Amino acid sequence: MRCLCFLALIVSTTALVWSENLEVVIDLGELGSKLQHGVDAKLSLKDWADSPQAEDLCHTLFNEEGFTVFRIPIYAMRPVDDPFYDKVVKLARLARKANPDVILFASVANGDGDQDNNLHHKHKFPLSMRCGNEDKGCDNGRIYNLDLDAYATYLDDFIRMMQERGVSIDWIGPWNEDNASAGDVDYLWKRMKEEDGLVRVGVETWALQRAIEKVRFLRPNIDLVGSHFYDDEQGRAIPKELWDQKWQKLVKVSKKPVWFTEATDYKEAEIDEARFLVKALERLIVSANAGVEGIIYYQTVPRIVGYDGKPVLLKHSGLFNFVRKSRDAYRISSTRVKNPNTWLYAHYDESKERLGIHIANSDQLNQTLDLKIQGGRLGKSPKVSRLWNESRMGEDDSIAETSDNSVLLKVPSVSYAYVELSVVEITVNPTKVL
């Protein structure tokens, strides 16, 4: 049973201490792209595929919730005729059954999906694929001393195997948290015979800062830039004050579409706490504001929905609200909240004529946000306001007060809030489309 002790504090407003009003400007006239969302199953695929609920899970994610990309594993340690790949084929087919247009993103996994599921860097490649272990006469100067001709052949065989079993791959990612050079990337593509027509995903670094440093060298040989967000900068965490600047820099220097390809900070499935929901959402929000085109949620099953098909309640409810509301809506320009522990993402749903505002507040202080709306005019129809914290799970909550084109939001500490307002007029500035 969830503790309701915090509820008493919400009811008794006199007991709450709120921050000073933090002003944020939201400009409806500056529209960006629509955010897409993807599912990851690279190292949790076995139990998902073996679950009696496998098909229902695919239907929930790719049909009901509207995820558009499925990140599936390439197990370099396993030959492509290994029966273990039956599980990959099974889930890929079920995803396409739920949504024929789902994009299949095949990415090399840091493990074999079963017995050796923590293999990083060179250890995820078999000895037979490395120079010096067999008399191949291959170039010893390549990454991890790999025989990239052998790896190219393996990737071609994988793509053909999937195709022959009725599953076409759309995106291909041969490197995952690997320090591949521009020469490694270029050499591999040139040796492959089946990569033509596929979206080539690259960088996929462990650290965001590393992606910024490498992308300018790799971008001539990749079509889509992916980065993880383990916020490491020369062995240290990137200060939260710089998160948005770092993501903005990656988007700017990439000159290609950018995806946050491994979002993972909602923690393990068995821990259903508001702090992990909020911790995840603030990282999603900062990347979305910077202009990434999509986010892929690491181990969606079981971290958000269990192998048994049952949702991890608080995290499922909050995260899927963010996904549902943002997936068909344009990103809107907003100024930054002057608190590194409070992040805001705004979007406009043209079909519903609604402004949606997401706030993740990981601060220990309750925050008061004063939102000023530009580039359009708000309506007077009833607003939607929902709150997720240790005593709320998306219930309606009176956290917003509207006046003309202003909105005053009161967001409790360690919580996720969502507010939706009607828009009766919007004036897009064509010179400021994001």
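A closed barrel of 8 strands runs in the order S2-S3-S4-S5-S6-S7-S10-S11, with parallel pairing. From one strand to the next, the twist averages 25°. Axes here are lines fitted to C-alpha atoms, for helices over the stretch in contact, and angles run from 0 to 180 degrees between N-to-C directions. Helices (H or I, at least four residues) and strands (E, at least two) are DSSP runs, numbered from the N terminus. This is a predicted model, in which local features need pLDDT of at least 70 and side-chain atom pairs count only at pLDDT 80 or more, while totals for chains, interfaces and linings use all residues. Residues are numbered from 1 along each chain as its sequence is written, and side-chain values use heavy atoms, with hydrogens and water left out.

Strands of a sheet pair through backbone hydrogen bonds, either parallel or antiparallel. Two strands count as paired if DSSP finds at least two bridges between them. Strand S10 covers residues 258-263. On one side, S10 pairs in the parallel sense with strand S7 (residues 224-228) over 4 bridges, and Ser227 has Phe260 of S10 as its bridge partner. S10 also pairs with strand S11 (residues 294-297), again in the parallel sense, over 3 bridges. There Ala263 stands opposite Tyr297 in S11. S11 in turn pairs with strand S2 (residues 36-40) in the parallel sense over 4 bridges, with Gln36 opposite Gly294 in S11.

How is S10 placed relative to the rest of the structure? Of its 6 residues, 6 are buried, so the strand is largely enclosed by the rest of the structure. Buried means under 20% relative accessible area, exposed over 50%, and partly exposed in between (1.4 Å probe, protein chains only).

The path from S10 to S11 includes a helix: S10, helix H9 (residues 274-290) and S11 make a right-handed β-α-β unit. A crossover is right-handed if, with the strands pointing away from the viewer, the path from the first strand over the helix to the second runs clockwise. H9 lies across S10 and S11, running at about 170° to S10. Contact means heavy atoms within 4.5 Å.

Side chains of opposite charge can pair when their charged atoms come close. A salt bridge is a side-chain nitrogen of Lys or Arg within 4 Å of a carboxyl oxygen of Asp or Glu, and by this rule the count comes to 29 salt bridges. One of them joins Lys97 and Glu55, whose closest N and O atoms are 2.7 Å apart. Lys97 lies in helix H4 (residues 85-98) and Glu55 in helix H3 (residues 54-64), so this pair ties together parts that are 42 residues apart in sequence. Lys97 is exposed, at 59% relative accessible area, whereas Glu55 is partly exposed, at 38%.

Arg165 is partly exposed at 29% relative accessibility, and Asp86 is partly exposed at 38%.

A further salt bridge pairs Asp370 with Lys372 (3.3 Å, N to O). Asp370 is buried, at 15% relative accessible area, and Lys372 is partly exposed, at 29%. Salt bridges can also join into a network, as with Asp40, Arg71, Glu204 and Glu262.
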